[in-house]
Amino acid sequence: MKQPARAAHGKPAVKAKRKSRDEINNEARDRKRDKKHRGHASGSRANPAAPASSSGRQADSAKDPRIGSKKPVALIADGKTAAIKPKKSVEKPAAKKVRLTPEEELAKLENDERLDALLDRLENGETLSAEDQGWLDASLDRIDELMEQLGIVMDDDEDDKAEEDMYRLLKGN
């Protein structure tokens, strides 16, 4: 502990008056209140207070500082649109797909050389590659769809008779 410094003229130092508990509590309360009100006011981030300037430029102080420039931006540059022309691509124009009637499409599929060749290979017992098999299945499915649209019905009498024969064989008659 330090000893209180003596006065220069030889007088004894004045003893510090001890504060009562109430005074200490009041000072603490005041410090806490001051500390609580330190900083920006509530809502000051959303509504910033414009500094009052006496320069007479009220329009600048009315601008919202949070948002970027309010300067209008030209969407089309003046005079430059005529100078810049988009280059046409050298690519061939896409050929318009000719919409075939179902009859025409069916005739085209039935006369397809690749389809005939693949069917002949299947009848001879050869195995097809995955790509060829996929193309064959898609073509046959499309032929079935077109035949249904046109109302063409294949004779399935032979299939029905074969099923009946199998059923009789299984029954044992």
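This section describes the helices, the nonpolar core and selected residues of a predicted model.

The chain contains six helices and zero strands. Read along the sequence, the pattern is α-α-α-α-α-α. Of the 173 residues, 6% count as buried. The accessible surface of the chain comes to about 17,300 Å². Carbon and sulfur atoms account for 52% of that surface. Contacts in the chain with a separation of 6 or more were also examined. Residues 24 or more positions apart make up 39% of them.

Two packed helices are described by the angle between their axes and the distance between the axes. Helix α3 spans residues 102-110, and helix α5 spans residues 130-150. These two helices pack at an angle of about 145°. Their axes lie 10 Å apart. The crossing of α3 and α5 is left-handed. On the α3 side, the contact is formed by P102, E103, E105, L106 and L109. On the α5 side, S139, R142, I143, L146, M147, Q149 and L150 take part. By class, this contact has seven nonpolar, two polar and three charged residues.

Q149 is one of the α5 residues that meet α3. Q149 is exposed, with a relative accessible area of 53%. P102, in α3, also belongs to this contact. Q149 and P102 are 47 residues apart along the chain. Their C-alpha atoms are separated by 7.6 Å.

In soluble globular proteins, nonpolar side chains tend to be buried together. The largest nonpolar core in the model has nine residues. These are L106, L109, L115, L118, L128, L136, I143, L146 and M147. Helices α3, α4 and α5 each supply at least two residues of this core. Helix α4 covers residues 113-123. The largest share, four residues, comes from α5.

L128 is another member of the core.

D132 is found in helix α5. D132 counts as buried because its relative accessible area is 16%, and buried means under 20%. Not counting residues up to four places away in sequence, D132 touches R114, L118 and R121.

Leaving aside neighbours within four places in sequence, S139 is in contact with L109 and L115.

Conventions. Residues numbered from 1 in each chain as written. Predicted model: local features only at pLDDT ≥ 70, side-chain atom pairs only at ≥ 80, totals over all residues. Heavy atoms only, no water. Axes fitted to C-alpha atoms, helices over the stretch in contact; angles between N-to-C directions. Left-handed = near helix turned anticlockwise from the far one by under 90°. Contact = heavy atoms within 4.5 Å. Nonpolar A, V, L, I, M, F, W, Y, C, P; charged D, E, K, R; others polar. Core = buried A, V, L, I, M, F, W, Y, C linked by side-chain atoms within 4.5 Å. Buried < 20%, exposed > 50% of the residue type's maximum accessible area, 1.4 Å probe, protein only. Areas by Shrake-Rupley, 256 points an atom, 1.4 Å probe, with all protein chains shown as cover.
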